[in-house]
Protein chains: 2
Amino acid sequence: MSQSKTVRKLQVLSPVPADIEIANSVDPFHISEIAKQLNLNPNYYDLYGKYKAKVLLSVLDELQESQDGYYVVVGGITPTPLGEGKSTTTVGLCQALGAFLDKKVFTCLRQPSQGPTFGIKGGAAGGGYSQVIPMDEFNLHLTGDIHAITAANNLLAAAIDTRIFHESSQSDKALFNRLCPPNKEEKRCFSDIMYRRLKKLGINKTKPEDLTPQEVKKFARLDIDPNSITWRRVMDVNDRFLRKITVGQGPEEKGMVRETGFDISVASEIMAVLALTTSLADMRERLGKMVIGNSKAGDPITADDLGLGGALTVLMKDAINPTLMQTLEGTPVLVHAGPFANIAHGNSSIVADKIALKLVGPGGFVVTEAGFGADIGAEKFMNIKCRYSGLTPQCAVIVATIRALKMHGGGPEVVAGKPLDHAYLNENVALVETGSANLARHISNTKAYGVNVVVAVNMFSTDTEAELNSVRNAALAAGAFDAVVCTHHAHGGKGALDLGIAVQKACENVTQPMKFLYPLELSIKEKIEAIARSYGASGVEYSDQAEKQIEMYSRQGFSGLPICMAKTQYSFSHNASTKGAPTGFTLPIRDVRGSIGAGFIYPLVGTMSTMPGLPTRPCFYDIDIDTATGKVIGLS
Amino acid sequence: MSQSKTVRKLQVLSPVPADIEIANSVDPFHISEIAKQLNLNPNYYDLYGKYKAKVLLSVLDELQESQDGYYVVVGGITPTPLGEGKSTTTVGLCQALGAFLDKKVFTCLRQPSQGPTFGIKGGAAGGGYSQVIPMDEFNLHLTGDIHAITAANNLLAAAIDTRIFHESSQSDKALFNRLCPPNKEEKRCFSDIMYRRLKKLGINKTKPEDLTPQEVKKFARLDIDPNSITWRRVMDVNDRFLRKITVGQGPEEKGMVRETGFDISVASEIMAVLALTTSLADMRERLGKMVIGNSKAGDPITADDLGLGGALTVLMKDAINPTLMQTLEGTPVLVHAGPFANIAHGNSSIVADKIALKLVGPGGFVVTEAGFGADIGAEKFMNIKCRYSGLTPQCAVIVATIRALKMHGGGPEVVAGKPLDHAYLNENVALVETGSANLARHISNTKAYGVNVVVAVNMFSTDTEAELNSVRNAALAAGAFDAVVCTHHAHGGKGALDLGIAVQKACENVTQPMKFLYPLELSIKEKIEAIARSYGASGVEYSDQAEKQIEMYSRQGFSGLPICMAKTQYSFSHNASTKGAPTGFTLPIRDVRGSIGAGFIYPLVGTMSTMPGLPTRPCFYDIDIDTATGKVIGLS
């Protein structure tokens with residue numbers, strides 16, 4: 001079916017102007033026009049201004065009889081610190097499919113974290129002639145989902161410290177009487193959420209007055225071990241001075257100080273819940289099951305134990321609806337969730353993909369991006385996201401650049417902000433050939449899931465024909481379904497036409513069923529080891545702390561969860577400077593943590609920063625508003 | 001002009017059901033219907049879902065030739081801790097004017113802080129049959145303004161600590177070179193915001209290379225005195241453990257620890273800026289002028305000095321647009337800003353009032369609420385808000401209850417959560433008569449601004465005819481234009497018909513010009529003393545710290561700002577237990593602070609908590625979502 005009404009013909013300039021100049025050079029379609037092309041009834045979306053709308057989850061009920069379209073995931077080879085254009089390729093591919101190949105198509109992207117927009121990184125809406133617009137709305141606030149996560153995360157954090165404080169000064173009875181106060185008729189009763197805790201404790205009574213003193217104590221006293229608390233506060237700002245702090249130093253807090261810290265909001269488990277949930281009811285359960293630490297007896301304490309699962313869901317009730325936007329060429333985009341790609345799974349939301357698959361229908365395409373290199377991003381897409389969604393991708397795109405392959409082949413270090421070595425600016429086929437080992441392993445690892453792999457070489461002006469041919473040959477030799485060169489940054493969808501055609505063929509020619517890397521029934525260690533082998537490791541080494549945590553999570557009944565490795569994205573191994581396709585190393589596991597509500601265990605391979613900082617001259621120096629027109633300037 | 005299309009006839013029940021039951025019992029009109037009745041063109045608003053819209057500031061340009069309607073402010077007598085129904089009366093009055101008296105009317109309200117909704121307080125959308133709907137949307141997130149404030153406030157906080165950190169380890173030259181890095185053509189240049197600092201420093205050069213080493217130092221090194229920093233972080237959560245914290249304890253921060261704390265977001269100066277700004281360009285200037293502390297030499301350091309005025313404005317660019325909602329009876333409401341009523345001025349925004357006044361036009365009514373009792377709320381409305389807006393109110397409504405007047409007359413203490421003493425439940429005309437001294441002083445103080453004062457007695461079922469007559473007589477004797485009894489909580493607009501008629505007459509019969517309590521040219525102390533006299537004080541006593549601060553602000557050139565007293569709302573005096581209309585006391589000023597960007601100096605009369613806590617059993621225990629319907633339950 002044609003989407004012609006909202007297709008926008010781009011007038012591309014050379015050299016390519018700055019991203020915001022391109023973004024500001026076109027007038028976006030009113031988002032209701034985009035919705036109309038999708039046959040999306042206004043009952044199923046809420047406008048947020050003229051260029052954004054939240055698509056309501058209820059549309060899934062309406063469309064439950066419809067068939068899904070093709071499902072394509074975009075991953076990448078192990079990147080340089082400059083990034084290899086995965087988001088841009090995701091957008092460019094969709095512009096090709098929608099604006100040039102007359103396919104129904106949907107791009108599913110993560111919402112960028114706002115903090116880094118003002119730090120070093122700038123925005124994350126794609127780039128060049130492959131972008132989501134309006135760029136400023138994409139990068140700032142969007143429809144408030146991350147703000148809702150911040151509010152919910154921090155309400156839970158406040159509830160933890162305050163509960164410990166109130167328990168420290170009250171008898172079991174006083175605590176119980178405050179939790180179940182008499183109503184107007186002088187009767188005490190349990191609220192709905194309290195029955196969840198009673199059930200967990202195996203107390204089958206419905207009247208507060210029937211509880212024995214022992215039961216009163218068990219019910220009312222969470223007895224949280226302050227040293228076991230894993231729940232931190234969050235903020236969507238690059239604030240390095242909050243990484244480690246001491247709270248409770250006010251006189252009213254009576255000396256109940258504690259060391260803790262803030263993460264950036266997208267690192268919140270609530271973000272991971274949002275990305276993995278499948279319905280409002282499912283989100284309610286996951287939020288309630290989130291574990292914040294242990295009781296002194298070693299039992300996990302949940303948000304529901306604190307009385308908060310319902311309130312957290314209320315705070316997140318609008319955030320569960322994905323945000324509809326558009327690309328430069330007028331194809332539809334769903335922006336939703338943006339979990340950290342190491343301590344979480346780094347993929348956009350299941351519900352957005354589900355809605356998109358129904359809306360494009362059979363023969364249409366949903367293209368979704370997985371964070372980092374395919375070793376982490378695609379692996380987590382398959383083993384965590386698809387496991388929870390029940391969805392099956394037909395094709396995985398792996399984005400490669402000549403630059404990154406040269407680095408893997410032994411080229412000098414690539415450092416952000418420093419000029420590139422001449423090896424990267426002049427032909428060097430040998431480096432590309434050697435470096436293709438990295439690409440080859442990503443291809444074979446990804447193929448093993450039963451999908452067809454298409455390699456997209458994101459071409460730079462300095463790339464030569466011989467270098468590009470070398471990658472193509474290496475990719476096909478490694479089992480890729482196809483390998484094509486793309487110029488969507490410079491040309492928009494037109495530059496990704498070959499990629500669009502290759503992806504279509506790959507989707508139409510799937511020959512294998514989908515396979516996971518490991519079954520959930522394996523032990524935590526067996527699952528970690530299966531993933532480590534896919535990295536090329538010959539073994540795994542656990543710290544004492546990791547051993548202790550694995551034992552604890554197994555004892556608490558959480559060993560059946562999938563594994564989410566927190567590993568550097570700059571190498572298959574734990575060592576960021578080991579390029580190419582290393583083998584024979586031992587992967588060290590420093591610690592093991594759990595996001596129980598979201599539904600995964602995450603081993604830490606090395607140290608992960610969860611709160612970025614600001615440089616001496618942050619991006620914000622250039623960001624301002626034209627007060628006459630209201631337009632944002634200086635956003636990069 | 002008739003608003004009949006969106007008038008909703010209420011079916012009132014007795015006894016009055018819970019607020020959320022009433023709110024959920026009616027289907028709100030689509031907000032575009034409300035806009036249509038206002039003749040508000042869709043170009044001038046952005047929908048945020050079906051029941052909220054942001055009205056764009058650009059409508060003021062369109063309507064600049066239109067005349068304003070009548071401007072009515074609602075204040076109250078000195079309240080009990082239970083509150084006397086000021087918001088409810090504001091809404092009820094508008095329902096009377098719009099739904100029964102066929103007037104064009106607009107209610108302008110503050111956005112409630114989300115944090116307390118989950119703590120003790122519950123929501124703030126009015127009550128009974130005088131409410132803003134949908135109640136859950138009013139109380140939660142709204143259109144993201146407070147979240148934007150949180151983000152902007154905390155970006156500035158992060159920039160302060162990080163700047164000190166970077167300055168501590170870099171030479172003047174290195175710092176300068178990082179602030180003005182070479183561009184692609186290897187040329188250094190200043191960004192626009194840097195010219196603001198250069199101008200402030202009296203450096204008239206445009207090329208970085210022309211600066212002398214001394215000028216490089218002055219420009220690049222802010223040299224912030226950590227002990228002088230008044231800028232705190234904020235969060236819209238009741239998190240008492242953040243009141244006083246130590247930051248910077250991570251190893252990367254190299255021991256640069258500092259004691260600071262979090263306030264609740266509505267206490268941010270940025271909230272006060274939002275409430276007092278008059279345009280996007282004005283907001284840009286105010287945000288840039290905010291002072292975060294001093295240099296070690298004692299000069300004020302601003303957000304613009306840190307390079308942030310533009311970026312803060314970008315974060316606030318949507319927040320500047322007020323949110324359109326509706327009352328239970330279908331009259332329009334603008335919700336905007338919610339500054340603290342003590343350390344800030346506690347009034348909703350100037351831009352909302354301005355838009356509303358144009359939209360109702362001549363003969364229409366805009367009713368706006370001032371926080372706390374009239375001693376603080378109406379005083380700040382007149383001397384701060386109207387001073388900046390240039391708007392002139394015709395009528396002030398003072399809300400009184402028999403309960404509060406009895407308390408002022410010597411009745412026993414009223415404590416939230418405890419049963420009321422029998423004095424409050426049975427006729428006691430003597431207490432009411434004595435207590436009316438409090439009302440009388442509020443009337444005469446408010447009348448002095450040149451407005452007509454109408455007293456609204458918010459009637460409870462236990463009030464008697466004799467008690468009500470006593471208040472009426474006392475009010476008229478004190479110079480009120482009229483005094484009427486209202487039952488809008490039980491009956492909606494119909495219960496405030498007499499009030500509506502009285503307000504209309506008051507507006508049509510203004511005989512005096514508007515007068516301020518003090519001219520801005522007075523010294524800080526003279527202005528403080530003028531306000532203290534209006535409280536009944538015979539003198540003012542300054543702490544050494546207050547003296548020091550007054551000296552500093554005067555030296556820095558800020559003595560021309562209006563004064564915003566941070567005083568308890570429970571007494572005319574500084575002592576919350578002193579009821580009635582005290583005289584002859586000395587008002588102690590503990591400290592003096594400034595919100596320089598917002599535009600006022602705030603003396604602290606006693607200690608103000610700027611971060612509430614959670615009780616043992618917070619409201620959140622009852623809040624949940626019906627996952628089948630998506631409806632919020634348990635919100636109070």
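Predicted model: local features only at pLDDT ≥ 70, side-chain atom pairs only at ≥ 80, totals over all residues.
The residues concerned, within the span 172-179 of H7(A), are Leu175(A), Phe176(A) and Leu179(A). Around the helix axis they cover an arc of only 95 degrees, which puts them on the same side of H7(A). The spacing follows a general rule: an α-helix has 3.6 residues a turn, so residues three or four places apart point the same way.

Asn294(A) belongs to strand E11, which spans residues 291-294. With a relative accessible area of 10%, Asn294(A) falls under the 20% limit and is therefore buried. Beyond the residues up to four places away in sequence, Asn294(A) touches Asp223(A), Ile224(A), Asp225(A) and Ser228(A), together with Asp299(A), Pro300(A) and Ile301(A), and also Met552(A) and Gln556(A).

The discussion now turns to helix pairs in chain B. Two packed helices are described by the angle between their axes and the distance between the axes. Helix H4 (residues 86-100) and helix H19 (residues 497-508) of chain B have axes 8 Å apart and pack at an angle of about 80 degrees. H4(B) is thus roughly perpendicular to H19(B). On the side of H4(B), the contact is formed by Thr89(B), Leu93(B), Ala96(B), Leu97(B) and Phe100(B); H19(B) contributes Leu497(B), Leu499(B), Gly500(B) and Val503(B). By class, the contact of H4(B) with H19(B) comprises 7 nonpolar, 2 polar and no charged residues.

A second pair in chain B is formed by helix H20 (residues 524-535) and helix H21 (residues 544-555), whose axes come within 10 Å and cross at roughly 125 degrees. H20(B) and H21(B) are therefore oblique to each other. Here Ile524(B), Lys525(B) and Ile528(B) of H20(B) meet Glu547(B), Ile550(B), Tyr553(B) and Ser554(B) of H21(B). The contact of H20(B) with H21(B) divides into 4 nonpolar, 1 polar and 2 charged residues.

Thr586(B) is located in strand E20, residues 586-589. Its relative accessible area of 38% makes Thr586(B) partly exposed. Although 49 residues separate Thr586(B) from Ala537(B) along the chain, their C-alpha atoms are 5.6 Å apart. Setting aside neighbours within four places in sequence, Thr586(B) is in contact with Gly539(B), Val540(B), Glu541(B) and His574(B).

Asn321(B), by comparison, occupies the loop between helix H12 (309-315) and strand E13 (323-327) of chain B. Its relative accessibility is 8%, so Asn321(B) counts as buried. Apart from neighbours within four places in sequence, Asn321(B) contacts Lys54(B), Val55(B), Leu56(B) and Leu57(B), as well as Asp145(B) and His336(B).

Finally, the two chains may be considered together. Two copies of a chain are related by a rotation about an axis and a shift along it. Chain B is superposed on chain A by a rotation of 180 degrees with 0.0 Å of shift along the axis, at an RMSD of 0.0 Å. This is the relation of a two-fold axis. In chain B, the C-alpha nearest that axis belongs to Tyr48(B), at 2.2 Å. Of the interface residues of chain B, 100% are also interface residues in chain A, so the copies meet through the same surface.

Methods
Residues numbered from 1 in each chain as written. Chains lettered and ligands numbered in written order. Heavy atoms only, no water. Least-squares fit on C-alpha atoms with pLDDT ≥ 70 in both. Contact = heavy atoms within 4.5 Å. Buried < 20%, exposed > 50% of the residue type's maximum accessible area, 1.4 Å probe, protein only. Helix = DSSP H or I, 4+ residues; strand = E, 2+ residues; numbered from the N terminus. Arc of directions from axis to C-beta. Axes fitted to C-alpha atoms, helices over the stretch in contact; angles between N-to-C directions. Parallel < 35°, antiparallel > 145°, perpendicular 65-115°, else oblique. Nonpolar A, V, L, I, M, F, W, Y, C, P; charged D, E, K, R; others polar.
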